[in-house]
Amino acid sequence: MRTIIGKTFRKRAAAAVTAVCIALTASSCGLIPKEEEEHKLNIVTEDVSSRYKLAMAEIRDVELTSNIVCTYSQLNEKELCFQVTGYRVNGIYVQEGDEVKAGDRLASLDISAVLAQIEACSETITGNELLIRQNEEMIAFYAARIASPDYNLMDKEEYTLKAGECEEIINECRSSIERAKEIIEEDKLLVDRSVLYAPADGTVSFIKKDLSGMYPDEDTVVMKLVDSSECAFVAVNQEAAGYMKTGDRVGITRAGGGSWSAALTFTDPESGRMIFELDEPDYSINIGTRANVTLVLESAEQVLAVPRICLHETEGRYYVYRLTEDGVREPVDVEVGLIGNNYAEITGGIELYTSVIAR
């Protein structure tokens with residue numbers, strides 16, 4: 001390289017000296033105007049390589065990447081149903097898109113008849129408990145007379161008979177109380193199941209159309225809730241989903257700041273849906289945040305490469321431009337491997353440290 005530069009320099013120096021001599025001779029004879037004389041001297045001494053920006057073929061990594069848009073989303077969608085059948089929906093307390101906390105009321109059924117039955121059963125229990133106390137008092141009264149010597153045998157038999165009747169009434173009251181309590185327990189279970197509660201923190205993503213006034217079955221999905229405790233970046237891109245596989249590593253960046261390392265944990269080539277879960281949870285990310293996933297499509301490590309801007313292609317033929325010793329631009333055919341985003345792999349045509357024209 002140094003020999004070529006020396007030859008070129010000597011040629012240009014000799015040409016410059018000759019030009020200067022001619023110019024001085026002509027100037028002394030008055031044949032060349034002063035402006036033209038200066039112009040000719042500038043042209044002769046110009047370095048033509050300054051017209052171009054040069055780059056060098058060197059060893060480096062070549063990557064072909066692609067960016068796809070992703071959105072930070074909740075993953076676990078829960079389907080919600082009432083646990084009872086035969087009752088009308090009379091209360092809806094949320095709208096689609098509402099954020100809710102675990103335990104919040106979402107909807108309710110009309111159970112006025114059940115509540116009325118609970119009230120009636122409660123009154124039955126109260127009435128029977130009163131009868132039990134009254135009859136227990138009567139039994140105690142009769143028992144005292146039966147034990148007293150002041151009463152004859154016939155009276156005592158009558159008191160014994162009446163005490164037995166009181167016992168029968170008490171037993172009936174106790175049975176009635178037990179039945180009422182069983183009904184109340186069943187009705188209370190209906191009351192609990194008549195209200196639809198949020199099972200977790202999340203967002204209401206679906207409410208069945210015309211839900212108000214409906215008589216839903218136990219298997220009727222009336223609402224859907226997206227659980228906010230399980231979130232990840234989600235992207236839909238069929239082309240990328242076709243070649244990516246579970247476990248692939250990616251980088252995720254957000255415009256305006258923020259970058260994360262993530263892994264592909266789910267991919268569906270048919271729909272193109274992909275889920276990228278962060279290595280470490282970041283609770284500062286808001287649901288709906290949009291970002292870019294950088295996918296490495298292909299890579300070649302430590303290969304001879306030139307900047308991609310240096311590579312040209314015509315009808316399947318690849319070539320680069322380099323400068324000759326005389327400063328003339330000439331094309332050189334090259335063989336290429338991986339053409340990345342910024343660099344292109346060169347497999348033949350030029351050698352390491354060859355200077356090529358970038359612009």
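Tutor: Let's start with Glu63, which stands opposite Ser299 in β12. This is a predicted model, and in it strand β2 (residues 58-80) pairs with strand β12 (residues 290-307) in the antiparallel sense, over 13 bridges. Strand β2 also pairs with β8, again in the antiparallel sense, over 9 bridges. In that pairing, Lys78 stands opposite Leu225 in β8. As a general point, side chains in a regular strand alternate between the two faces of the sheet.

From β8 we can move on to the pocket. The second largest pocket has a volume of about 300 Å³. Its lining is made up of 13 residues, and the closest to the centre are Tyr72, Ser228, Ser229, Cys231 and Tyr283. Two elements, β8 (223-236) and β11 (273-278), each give two or more residues to this lining. The most comes from β8, with 5 residues. Sorted by class, the lining of the second largest pocket holds 8 nonpolar, 2 polar and 3 charged residues.

Cys121 has a relative accessible area of 8%, so it counts as buried, the cut-off being under 20%. Cys173 is also buried, because its relative accessibility is 4%.

How values were computed:
Residues are numbered from 1 along each chain as its sequence is written. This is a predicted model: local features need pLDDT of at least 70, side-chain atom pairs count only at pLDDT 80 or more; totals for chains, interfaces and linings use all residues. Side-chain values use heavy atoms; hydrogens and water are left out. On a 1 Å grid over the protein atoms alone, a cavity is a set of points where a 1.4 Å probe fits but cannot get out, and a pocket is an open set with protein on both sides within 12 Å along at least five of seven lines; lining residues have an atom within 4 Å of a point. Grid points are joined across faces, edges and corners, and a volume is the space filled by probe spheres set on the points. Helices (H or I, at least four residues) and strands (E, at least two) are DSSP runs, numbered from the N terminus. Ala, Val, Leu, Ile, Met, Phe, Trp, Tyr, Cys and Pro count as nonpolar, Asp, Glu, Lys and Arg as charged, and the others, Gly among them, as polar. Two strands pair if DSSP finds at least two bridges between them. Buried means under 20% relative accessible area, exposed over 50%, partly exposed in between (1.4 Å probe, protein chains only).
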